[in-house]
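Student: I have a structure open and have not looked at it before. Can you take me through parts of it?
Tutor: Go ahead and ask.
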Amino acid sequence: MVTVKINGKEITVEDNTLILDAARDAGYEIPTFCYQADLMGIGSCRMCLVEIEGQKKLQPSCVTPVLHGMSINTDSGTVQTARAGVLEFLLANHAMDCPVCDKGGECELQDMVHKHGPHKGRHAEPKFKFHDKDYVLSPVIIKNSNRCVQCMKCVRVCREVVGQNVLGALGRGDHQEPTSFFRAFMNCEMDGNCIEVCPVGCFMRLPYRYKSRPWDLKSSDTICPYCATGCRMVIEERAGTLMRAKAQLGVGLNSETLCARGRFGQDFVNNPERINQPLVRRYGKLEPVTWEEAISHIKENLTALDGDKIGGIASPRLTNEELYLFQKLMREVLGSPNIDSSSRFSPDAVEGFVAATGMGEGGVSVYDCMEADTVLIIGTHLSDENPVIDYIVRRISASRRMNVIIASPRAMKLDSSANIVLRHNVASENAVLTSLVIGLNEGKLADTLKGMHEAQLDANLKASGVSADLISTVVNRLAASSSIAIIAGTDFLRYPEGISGLGLLKDLLKSRGKKVTVMPVLDRANQRGAWEMGVHPGFGPGYSETRKGLGTEGMLDAAMKGELEALYVVGSDVASMYPGDDFARTALSKVGFLIVQDMFMTETARQAHVVLPGAAHAEKDGTYTNQEGRAQVIKKLLTAPGRAKQDINIIRAIGESFDRSFGPKHFALVLDEIRKEVPSYADVSLSFNNKRNTDNKLDNRGALVKAAAAPAVKVKSFNPASVETSGARFILTTGNHLFHSGRSSMKSETLLGLLKGAVVEISEEDAASLGLKSGEKVRVKGANFEAQMTLLTKKGTKSGVAFIAENFDDAPVNRYFRRGGGIPRVDIIKTI
Amino acid sequence: MLSEQAKQEILASLKKYHDKRSAVMDAVRIAQKENGGHVVKRDMEEIAEILEMQPVEVNAAAAFYTMYRIDKPVGRHHIQVCRNISCSLMGAEHIIKHLERSLGIKTGETTTDHRITLSTVECLGSCGTAPMMQVNDEYYENLTEAKIDELLKKMA
C-alpha cells in the first residue's frame, strides 16, 4: 500500500494503482478519451495529464502508477491550460458537423469541450480531411474518420476483447486513421463494440443513422433476451419504436460489450408481423375475438379435462415470474404434471445436466471461473453461442497466467486464447472427460489394474479422436492446478452421455482437494430460470420433489396416440424445433385443444385452436436468471402492439377464469411469492441491477442465487449417442449461429441483413478435398431431408463435421434429424 | 503477387525473431523492394497469411513508417528529403522548394517520365549532416542547391 496526496487530500491505495484510479477513489474525476479499464493503456490522448510535485512535465495519469509520497494536482492552472490545449488541437481537424452527427448530444468531445475546452480556437488553417463522404464498413457500421480523436479504443476493443483484429491504426500523428484494411467492407462479427467505445461520431450504427437525436429517446435498463449470458443493456425507443440497444461502461457483467445479436437484434420487437389480437379457430379458420371471448373459450375447453391429459410448454425466454405462474397454473389449477420448457432437450438430460453442473448449489460467477488456474471449456461453441463470455475469457486470460483448455469439434475464435485445444469427435465429450479421469487416476492404481485402465483409455481415445499426448498434457495441467473451472455447454444436453463424465471429473477433482467451479453455458435467456421455477416434468420450483409428468417428447407421444386433450404452448415453436420432419406437426394436429401464446404466427401457432398475442422482453417487467444463476431485472419500455398483453397477465387471466384468487396479481408480488416458495431466491431483489457496480466491479455477487434446499436432481448415466450409418461423409451438428438465436432473431430486420439464408460450415480441408470454396452454393443431403445453402469453411474444424445452425427458416435443421434416431450424416454436393 | 524468391526471403527472416509477427517490417521491405519501391494490397495480404496476422495489421505497421509506400508507385529514383527538426533548421524547406522547382512537380508527385518521385520523410538518423536526403538506398548529405543540381543531372 502507498500513501499519496491528491489535491492536498491524503489517500492510501494498493501498489501500482494508476494515478487516475487513485484520484477517482479520492473523489476527483479526471477527463479521458483513450483510457478504458479493460483495455491496454496507451496514454495517447493526453486529456488526463496531471501535475506531480517535483516533476517539470505533466504526466498522463492513465498510465502512471502512484508512488509513495507523491503529491499530485489534478486541477491546477497548468493542468487546466494543458487540457484546453489538447482539446484545441483535437478540434483543429475535427469535422465540427455536430448538427448532423448521430453522436451530437451524447458526444464525449462535446461534453469535454463544454467543460474544459478552449473558448476559442486559434487554428485558421484548412482542416485536414481523411475523406469526403462517410463510408460503410459493414451492414451495421458506417464511418466518418474526420471526427476521430485518435483514442484507438476501437482498434483495441476489436483486438483485445472481441479478438477479431480487423481494425488497424493506419498512419501516424493527426493523420492516423483507425479503419479496416484499405477501408474495405469488413468480414467480422458485426458486434459493433467499436461503435460503443467510440467517444465521438467516428464509428456509427448504420441502422440508427439519422433516425433520432439522443435526447428524444426514452430508455430502460434491461437484460438481453437472446442467449443466457445475461448481458445488461439499455434499450431506447422513440414514438413507440425501439431504436437501439447499447451497453454501459462498468455496468453489468458485460460492461461496455455486446454481441451482434444483442446490439442489433432487438428490432424484432418492431416487426409488423407481430400478432396483435387474440384469435380463435372457427370453422377451420383463425378469427379475431376479444380477450373475454378467448379466455372463456379456453375455460370451456379445459374444464372437466383430466389434468394428466393436459400439457404445457413454456419458452425459456419468459420471465421467472411468468414461468412460475405458468407452472402454478398447470400444476395447481389444471392439475397437470406435464410441463416442459424446451422442445430440443430431453427432460432426463436436463436433470442430469442440472445435477452435474451443480445448479442446485447456487450461482457461479464467470469472474470466479476466470480466477481459476485452469479453465476447461467443453460442450459449447462459446464464440458463437455466448460471444460475451468469449470476450471475458479472452480479456482475462490475456492478463494473467492461467490455462485455457478448449474441447470442441469445431474451431472457434477463442482457440487463439487457448493453451490447449482438443478437437474431438462429435458427441464424444464423455470419451474426452473419461480419458481425463483415467489419466488423473493413473498414478494411483495397483499394477493389476493398469492393463485394464490402459484398454479403457485406448477405447476412449479412439472414440474421441484425441491423441494420448494431448490428453496427458491436459491431465498434467489439471493435476498441477489448485483451482479449476469447467464451462459446460448445451452439447451435453444434445448428447447427454457426456453428463456422467462431467460429474465424474468434477467429483474426482474435488476429491483431490481442488477448488472446482462449474458454470453451465446456455443459449436461451432464461433457460436456467425456467428450470429453477420448476418448468420441468421432473422437478418443481427450486428443484423440489414433485409428481413426475411428461416432457415435450412424452406429450407429443401422447398426442400422437390421441391421448393429449389439451396443450398450452407459450412462446415455444415446437413444430420447427422438434427433431424430425412431420412428427411434431402431426402430433400437434391430434391435440384436442391447442392454445398457443406467442409474438409471431409460428408453425405451431398456425395449428392452434386459440392464439394469444404475447409480449416481447421490451414490453414487460420481471426477472431473468442467467446461466451463472444471476437474477437480473428486465424493465418495460414499450407497450405491446394492439391488444397483445404481457404473458404474465394472460397466464393469470386463464388461471383466474378457473379460480378468482389465482395470482398474485402483479409481477412484483409474484416475485415475493417466489422468494417465499423458492428458498434459493429468498434474497433476489428488484434493486440488484439498478445500481452501478462500484465496489466489486462488474461482478454483482448479490444477484447470484443461493443453493437450493434439497435439489431433487441426480447425475444419470446415458447411452452413447449413435450416429446414422448411412455412409454419408459428414456428421451433422447444430447450435446457434453467431448472428441468430432460436427463431426470434429471424424477425430482426438488422440481423437478417447480416445473415438471412442458411449456411453450412465445414473444415477448409474437407472443402478443398470436395473441390468446394467458401461462399459457394451447395446442397446438403441427409437421409430424410435436403436443402440448398451457402458453404462456409473454417480453418481447424475437425474433418467430417458439418454444422448447420438451428435458426434458419429456409433450411430447418430439425428435419435432418429423426425422432429417436442417431446423429444424422449428410453429404455436401456442389449445386450446378 | 510475391515471387517465390521473396517468399523464401521472408521465411528466412522469420528465424531472426521469437514471434513470427515481428518479421512484418522485414517482409514489407522485401515486398517493396521486389515491387520497385512500393507495396500493394495483394502483397500485404500474402504477408499477413505467411505471418499469421490480419492484413490490416500489416497495413498499420507499414503505414506508420515513411520508408514504406503503400499503393503509390514511385519513379526509378525516389528522392526522400528529411524534414525533421535538424534538417528543417538547416534549410530542408529550401531544399524541398528547390527540388520542386527543378523537377516541376510537387512533393509526393512523380515526374511524367516516371524518372523521379519526390517525397518528404521523417528523420533518417543523419542529423549531423543536415540537411540530407535519401535517393533509393543512398544517403546524400550536407545538401546545397549546387549539389542537388549536380545530382539531378546524373539521374537517368
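Student: Is A:Phe182 buried or partly exposed?
Tutor: A:Phe182 is partly exposed, because its relative accessibility is 27%, and buried means under 20% relative accessible area, exposed over 50%, partly exposed in between (1.4 Å probe, protein chains only). Keep in mind that this is a predicted model, where local features need pLDDT of at least 70, side-chain atom pairs count only at pLDDT 80 or more, and totals for chains, interfaces and linings use all residues. Residues are numbered from 1 along each chain as its sequence is written, chains are lettered from A and ligands numbered from 1 in the order in which they are written, and side-chain values use heavy atoms, with hydrogens and water left out.

Student: And which class does A:Phe181 fall in?
Tutor: A:Phe181 counts as buried, because its relative accessibility is 10%.

Student: How many aromatic pairs are there over all chains?
Tutor: The count is ten aromatic pairs over all chains. Rings of Phe, Tyr and Trp (its six-membered ring) pair if their centres lie within 6.5 Å; planes under 30 degrees apart count as stacked, over 60 as edge-to-face and the rest as tilted. A:Phe181 and A:Phe182 make an edge-to-face pair, at 4.9 Å centre to centre with 85 degrees between the planes. Another edge-to-face pair is B:Phe64 with B:Tyr65, at 5.1 Å centre to centre and 75 degrees between the planes.

Student: What cluster do ring pairs make with B:Phe64?
Tutor: Ring pairs link B:Phe64, B:Tyr65 and B:Tyr68 into a cluster. B:Phe64 is partly exposed at 36% relative accessibility, and B:Tyr65 is partly exposed at 31%.

Student: Switching to the two chains. How many residues does the contact take from each?
Tutor: Chain A gives 13 residues and chain B gives 16 residues, where contact means heavy atoms within 4.5 Å. Chain A and chain B bury about 1200 Å² between them, 65% of it on carbon and sulfur atoms. Buried area is the accessible area (1.4 Å probe) that two parts lose on being put together, summed over both.

Student: Which residues in chain A lose the most area to chain B?
Tutor: They are A:Arg172, A:Phe181 and A:Phe182, together 56% of what that side buries.

Student: Which ring does the charged end of A:Lys143 sit over?
Tutor: The charged end of A:Lys143 sits over the ring of A:Phe203, 4.8 Å from its centre. The rule asks for NZ of Lys or CZ of Arg within 6 Å of the ring centre and within 35 degrees of the ring normal. The charged end of A:Arg244 likewise sits over the ring of A:Tyr208, 4.6 Å from its centre.

Student: New topic, strands. Where is A:Ile484?
Tutor: A:Ile484 is in strand E21 (residues 483-488) of chain A. Helices (H or I, at least four residues) and strands (E, at least two) are DSSP runs, numbered from the N terminus. A:Ile484 is buried, at 1% relative accessibility. Leaving out residues up to four places away in sequence, A:Ile484 touches several residues, including A:Ala372, A:Leu509 and A:Lys515.

Student: How many strands are in the closed barrel of chain A?
Tutor: The closed barrel has six strands, running E28-E32-E29-E31-E30-E33 with mixed pairing. Two strands pair if DSSP finds at least two bridges between them. Strands E28 (residues 730-733) and E32 (residues 801-804) of chain A pair in the parallel sense over three bridges. A:Leu732 has A:Ala802 in E32(A) as its bridge partner.
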